Amino acid sequence: MPQEKTLKEATIAPRKARDPEEVTICESTTQMLRKARRDGVETAFDRAANMRACPIGEKSACCKHCAMGPCRLNAKYPYKQVGVCGANIDTIMSRNFARMVATGSACHNDHGMTMLNVFRDVVNGDIDDYDIKDINKLEQVASSIGIEVDGRSPKEIATDLYQELEKTYTQVEGEIPFAKRVPEKTLETWRKLDIVPRGAMREVMELMSRTHMGCDQHYENITKQCSRTALADGWGGSMVATEIGDILFGTPSAVSVEVNMGVLKEDQVNIIVHGHEPNLFDSMIASVNEPTLVETAKKAGAKGINLVGMCCSGLEMMSRYGVPHAGNFMSTEAVLVTGAVDAMAVDIQCIKQGLAKVAECYGTHLFTTNPRCHIEGAQHIEFHERDPKTCTDEVVIKAISRFKNRSLPIEIPKIVSKGIHGFSHEYINYMLGGSFRASYSPLNDNIINGRIRGVAGVVGCVNPRVKQDWVHVELVKELVKNDVLVLQTGCSQIALTKAGLTTPEAAIYAGPGLGEVCETVGMPPVLGFGACVDNSRILIAASEMVRIGGLGDSIADLPVAGAAPEWMSEKAIAIGQYFVASGVFTVFGVTFPIVEETKFHKHLFEELEQQGLGKWGFSPDPYEMAKMMINHIDKKRKALGIDKARERVLMDMADRRAVDAG
Ligand code: XCC
């Protein structure tokens with residue numbers, strides 16, 4: 001049996017091993033980590049246990065921007081030394097931070113630009129496999145940036161929209177198109193600070209250039225360009241990715257979805273799509289429904305072909321089409337340990353290189369499909385949007401042949417959580433106001449009357465440095481218990497789905513005010529918005545809350561807060577910075593790549609707020625994090641004059657047991 005031979009050859013016995021229950025609260029992942037241990041297969045959890053984070057790098061106290069160094073400062077005595085060129089700790093940390101923002105913003109912009117290229121090719125008739133699915137959305141996006149829609153054909157509108165949105169990336173002067181959606185007072189603040197993005201390419205390039213040795217050496221000035229580059233992500237590339245995704249593939253609306261590894265089927269050909277761009281996924285849906293391929297699968301003895309998603313493109317497709325989702329970033333290796341995955345096709349971002357080895361151990365086909373992401377040891381079948389099925393059909397054929405030759409035992413955790421997803425900005429409008437009075441007014445009213453205390457965005461990654469999903473789940477439970485409505489994206493949304501908080505029945509977790517609203521509307525206390533680029537939906541929702549009125553004139557006035565409690569990627573830092581620059585208090589967990597009690601730290605954590613923006617916060621502890629966010633929400637309520645005497649409800653152990661039992 002060739003696969004068994006591979007299993008032995010390809011594995012490395014983990015050195016320091018941690019108990020699976022210590023590293024994750026995801027039961028499926030726990031079960032698979034146990035099996036991986038038995039099979040002698042290593043995962044990122046094992047590597048994290050054996051790789052101590054570099055203490056100097058963790059605090060960003062090193063500089064490797066030139067060959068006079070690399071220079072390492074002592075994070076305990078940050079002002080005792082400077083680098084060879086004289087760069088002090090604030091310059092070094094702000095430059096490192098800036099490069100994280102630049103990379104994160106580049107990622108989302110690169111993704112958004114691909115979406116826009118596909119849109120252009122669809123409009124010009126160069127791509128037939130996709131179409132404009134949502135004409136309403138097309139018109140609405142176009143008119144939001146001043147394009148005339150009345151009496152014009154979809155093609156005319158779409159052509160103008162393409163030309164306008166291209167500026168998001170390529171414009172060298174002026175303001176990006178979606179700056180028109182920013183609440184006036186927020187935009188005024190940005191103009192005063194000179195941080196309105198021009199075009200993403202220009203901003204990323206300038207940030208990279210300014211962080212070169214001997215260029216920008218004032219942390220305050222570097223921070224300004226960080227904000228501008230990050231805003232070019234949130235209000236630029238990410239927003240384009242979301243809006244064009246909706247136009248091409250449909251705007252999400254509430255849909256019931258199954259999540260967790262139990263969505264794999266032992267008697268079917270299982271294919272996972274993992275990554276970030278919806279194009280590959282959309283074509284894969286077409287391929288798995290191709291009658292000839294379904295027939296081939298049946299001839300191979302399968303009951304059918306089972307397509308499931310993971311990570312962000314999975315979130316997009318579950319929100320749009322209800323495609324099942326197998327888990328978040330820290331479960332991508334574990335899911336292969338089931339032995340049931342016949343093929344995993346990946347595109348870009350958050351694809352662990354370690355997947356190649358685990359896939360090899362279980363004889364799973366791992367396919368890279370994107371020209372900008374190859375992995376040594378994976379098979380590359382390039383995906384071309386102009387001819388998408390050549391790639392996706394091939395993936396399906398290879399998956400079927402693996403199914404036919406399965407020889408290793410299969411173990412699928414029998415765990416599935418159902419939840420309601422697909423809460424786009426448009427759907428929330430409809431949900432709250434109905435078709436005739438679609439509006440955010442009921443949300444604002446309920447915030448003003450105090451039933452809903454405020455709104456929190458809890459988003460972002462999972463990270464093996466903390467217990468997978470635990471910080472997300474504890475934080476969100478604490479927030480909803482205190483009547484804070486939670487909006488979610490990314491791996492966090494999957495964590496809360498597995499914990500059962502994305503169903504209307506989860507209203508029992510909510511405080512009395514939020515619980516009442518949830519029961520009246522029939523909505524969960526936790527609303528899933530989709531992938532990480534869909535954080536732009538949260539920006540739109542916040543702008544709409546400002547526009548409806550009664551909650552201040554800028555995003556910074558709103559009783560809202562954000563968090564990425566288990567972040568790990570540079571994209572998360574870019575997202576954090578654009579939320580902060582948009583006016584939101586944003587708390588990160590795990591670790592923060594800055595030395596405390598330095599000028600740069602004070603700048604991000606205090607001074608930005610004094611400039612009319614938001615500010616950063618940090619705590620690894622979910623309860624402390626909740627407290628910080630709730631205090632901030634209460635502070636904003638007070639400033640708006642809508643504070644009533646309300647006690648913060650703290651869950652004691654008895655409460656928690658009651659909730660868990662519920
Ligand atoms: Fe990646 Fe987007 Fe983070 Fe998850 S949340 S680990 S960035 S997949 Ni987007």
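## Strand pairing

Two strands pair if DSSP finds at least two bridges between them. Strands here are DSSP runs of E with at least two residues, and helices are runs of H or I with at least four, both numbered from the N terminus. By that rule, β6 (residues 343–346) and β7 pair in the parallel sense over four bridges, with L366 of β7 as the bridge partner of M344.

Before we go on, this is a predicted model, in which local features need pLDDT of at least 70 and side-chain atom pairs count only at pLDDT 80 or more, while totals for chains, interfaces and linings use all residues. Residues are numbered from 1 along each chain as its sequence is written, and side-chain values use heavy atoms, with hydrogens and water left out.

## Around β7

On the other pairing listed for this strand, β7 joins β8 (residues 379–380) in the parallel sense over two bridges, where T368 stands opposite H380. H365 and F367 point one way from β7 and L366 and T368 the other; all are buried, meaning under 20% relative accessible area with a 1.4 Å probe, protein chains only.

## The enclosed strand β4

Why is β4 (residues 269–274) largely enclosed by the rest of the structure? Six of its six residues are buried, so the strand is largely enclosed. V269, I271 and V273 cover one side, and N270, I272 and H274 the other.

β4 also runs parallel to two neighbours: six bridges join β4 to β5 (residues 305–310), including the one between I271 and L307, and four join β4 to β6, where H274 has V346 as its bridge partner.

Methods: Buried means under 20% relative accessible area, exposed over 50%, partly exposed in between (1.4 Å probe, protein chains only).
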